[in-house]
Each structure stands twice: as structure tokens, then as C-alpha cells.
Amino acid sequence: MGRIRLERLGRRFGAVAAVDGMDLEIEHGDFLALLGPSGCGKTTLLRMIAGLLPPSEGRILVDGEDVTDLPPKRRDLAMVFQSYALYPHLTVASNIGFPLRIRRRPRAEVRERVAAVAAQLELGGLLDRRPKELSGGQRQRVALARALVRDPKAFLMDEPLSNLDAKLRTATRVELAALHRRLGSTFIYVTHDQVEAMTMATRIALINGGRLEQVGTPAEVYDQPESVFVAGFLGAPPMNLLSARVAAGDERVRVTAPGLDVPLWRGTTPEQEVVLGIRPEHLSFAALTEEPGERPLLRGVVRAVENLGSEEVAICDVGGTDVAVRGPRPLGVVAGEAVALTADPHRIHLFDEPTGRRLVWQDDPVPVSAS
């Protein structure tokens, strides 16, 4: 088993909280990606789980056992470092078998386990080579094999693909995801690359400033972001975010701002400052003559059109805010053109302006903060 639970886990460096009172449940068999910008605390969190860094507060439980004060070798967790950390003077076979040798396993068992893991990762023909004779992708697989040979409770990975070129990184993502499915083991994977997280993970934990913003499946965090940070971090381009106001007028509740008119429902509501979010792929161009009615309507001017090959992204100035529209090429607009934009109202996201947290709508309906 490889179930890991973090209870109010924190780490301070002087007055700075790198990880701030984090609660997180990682189930056996999860591929959990710790995702966030550089300096958000994700590597510090991973190092605490591994036992390489003592927490300032809180507890770490592995399969119900409190391992907070145990050394790394007694936690039965395998770490794969960004630099691979291979021994340059040892062969591939010796690097893979090293964790077993230091545990004084019989030589026959070491040879058998090394051969089995090498075959699994297609390293059988490289066992007599040394790290300097390997490509970056091969070294990465050797580092994985060294972790895998122990059959640990969980694998901890600190940006293991960051040293690979783009083509090899894509191929290795596929290999890692397939390996996770075959093993059924727990993976905890640190990355700042949202593509890695979205394509490989079964769940994503988004971290910002040492705090947990949201945990969910890739679809959940993308489609239902719980905060302005999550909405603005995920996506390429990220979600469009516009400051606006919810108010009632003409028996209709609407969200309005310069260049923007979004109908919500018939009725009344207290006025409220909000942030409106809409993903670029959910916007489409409408006729300039269209009047505000049942659908959201934004008016602006195209600033630039970016060619992405099969798609284009139009950057539009809407009331002084850049709004991206993404769709199949060609979009049919040019820089300097006045445009109107519309979307399915169900694709609109609203966030509380002061807290940045997602607003959910009750049946009355009245906006309330999700947090």
C-alpha cells in the first residue's frame, strides 16, 4: 500500500512559510502532481514527505503510521531527483541494484530484480554501460529503475523530465503514465509544467505561496477552478479574467464592465464586485450589430492574431483588458478590427473580488463564496 496523509504540515525558513499548514490525502495508486509556479513550496513539500527536510509543524502518515520523525531509509519511499543522481563510476546494472546491495540482499536476488526492472524499462541492452555513455532519456529511466527495484510504497519525483528536450519529454511522459498504470503504485510528482500535470496525473494539487489552492482531477481543476489563481494558472492561453460588477437592472441580473454585458437570470441580487472568467476556447465571434440579450456579449478591438498552426489566438482589447479567443485557423479577423464576442452562459465563471475564491450559485439564486 502507499496511502499518504499530511496533517497541518508546515515548514518555515525564518519568518517565511514555505509550506503553510497543509492538509492533503494521497490514496494508494494515485498519480498526484504537485503543480505550481517556481518558489511555491512544492519541492519543499516533497522533501518533507521523503524525510530529507524536517517539518516545522504537522504530521506525515504513511499507511496510517506516523513517519514524521523517521529517517528516509525507514519510510520505504523512493525518490527520483531532477539531476538523476547516478553514480558515474558504476555501470547501469550496479546503479539500479545499489538500493538492494546496501540492504544486504543476496546477490542472486539483486541480479534477478535488476534484470526484471531493466526489462520493464527497456534497459536490458544498457546494463554494462556507465551514465556518461547514456542519453538524457536513458539516464532518466535508470533513475526510475533504481527507485522501482526496491518496490517501495510510493515514488516521489522532483521534476524528473526538466532536463530533457521537448520531443523526448513528450515520449517520456507517455512512458511514465503507462508505467504508473502497470504498477498501480502511488506516484507524487513535482512539476511547474501544467502539460505534464494534465496529461499524466490522476489528480492535481495546485499550490500557491505554500498553500493548497485546489485538489482534483485534471478535468475538475480545469473546468471548475476554485480560485482566480487556479483559473489564471491553467490553460494556454490561461482563462480570461475581467473585473466586473454583479447588479440587477430591468428585472435581470447581469454582470457588467466596460465592453462587457453578461446576463445571469431574471430577478434581483445585491451588488457585488466580481472577477468574470471565460476560457479562450469558449469564446466565439458574433455580429457587431447584435444587442445584449440572453447571451454574454463583449465588444472590443483585435490587437494581434497569433498563428499556432492548426489554431489561431486573437488578442482583443475589451474595455482596456486583453481577452484571448482561441479557435481553428483561420479565425477570420485581423489586427485593428472591431469585434463582438459571445459564449455559452454556462461557460462563465465568477469569483469573489476580495478573496479570489469561486462563487457558487444557490437555487434562490444568491451568490456565495465557495470557501
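Trainee: What makes helix 1 (residues 42–50) mostly covered?
Mentor: Seven of its nine residues are buried. Buried means under 20% relative accessible area, exposed means over 50%, and partly exposed is in between, using a 1.4 Å probe and protein chains only. The buried ones in helix 1 are K42, T44, L45, L46, M48, I49 and A50.

Trainee: What counts as a helix or a strand here?
Mentor: They're DSSP runs numbered from the N terminus: H or I over at least four residues for helices, E over at least two for strands. On that basis the protein has eight helices and 22 strands.

Trainee: Where do the numbers come from?
Mentor: This is a predicted model, where local features need pLDDT of at least 70 and side-chain atom pairs count only at pLDDT 80 or more, while totals for chains, interfaces and linings use all residues. Residues are numbered from 1 along each chain as its sequence is written, and side-chain values use heavy atoms, leaving out hydrogens and water.

Trainee: What is the mean pLDDT of the protein?
Mentor: The mean is 88, and 95% of the residues reach 70 or more; pLDDT is the predictor's confidence in each residue, from 0 to 100. Over residues 362–371, though, the pLDDT is below 50. That stretch still has 19 contacts in the model beyond near neighbours in sequence, a contact being heavy atoms within 4.5 Å.

Trainee: Why is the pair of F31 and F187 called tilted?
Mentor: Rings of Phe, Tyr and Trp (its six-membered ring) pair if their centres lie within 6.5 Å; planes under 30 degrees apart are stacked, over 60 edge-to-face, and the rest tilted. F31 and F187 are 5.3 Å centre to centre with 45 degrees between the planes, so they pair and count as tilted. F31 sits in strand 3 (residues 31–35) and F187 in strand 8 (residues 186–191), 156 residues apart, and the pair links these distant parts of the chain. Both F31 and F187 are buried.

Trainee: Which aromatic cluster includes F31?
Mentor: F31, F155, F187 and Y189 form one cluster. The structure holds five aromatic pairs.

Trainee: Are Y87 and F98 buried or partly exposed?
Mentor: Y87 has a relative accessible area of 31%, so it counts as partly exposed. F98, at 25%, is partly exposed as well.

Trainee: Why is Q82 called partly exposed?
Mentor: Its relative accessibility is 33%, so Q82 falls into the partly exposed class. Q82 lies in the loop between strand 6 and helix 2. Leaving out residues up to four places away in sequence, Q82 touches D158, E159, P160, S162 and N163.

Trainee: What share of the whole protein is buried?
Mentor: Of its 371 residues, 48% count as buried. The C-alpha trace spans about 80 × 45 × 35 Å along its principal axes.
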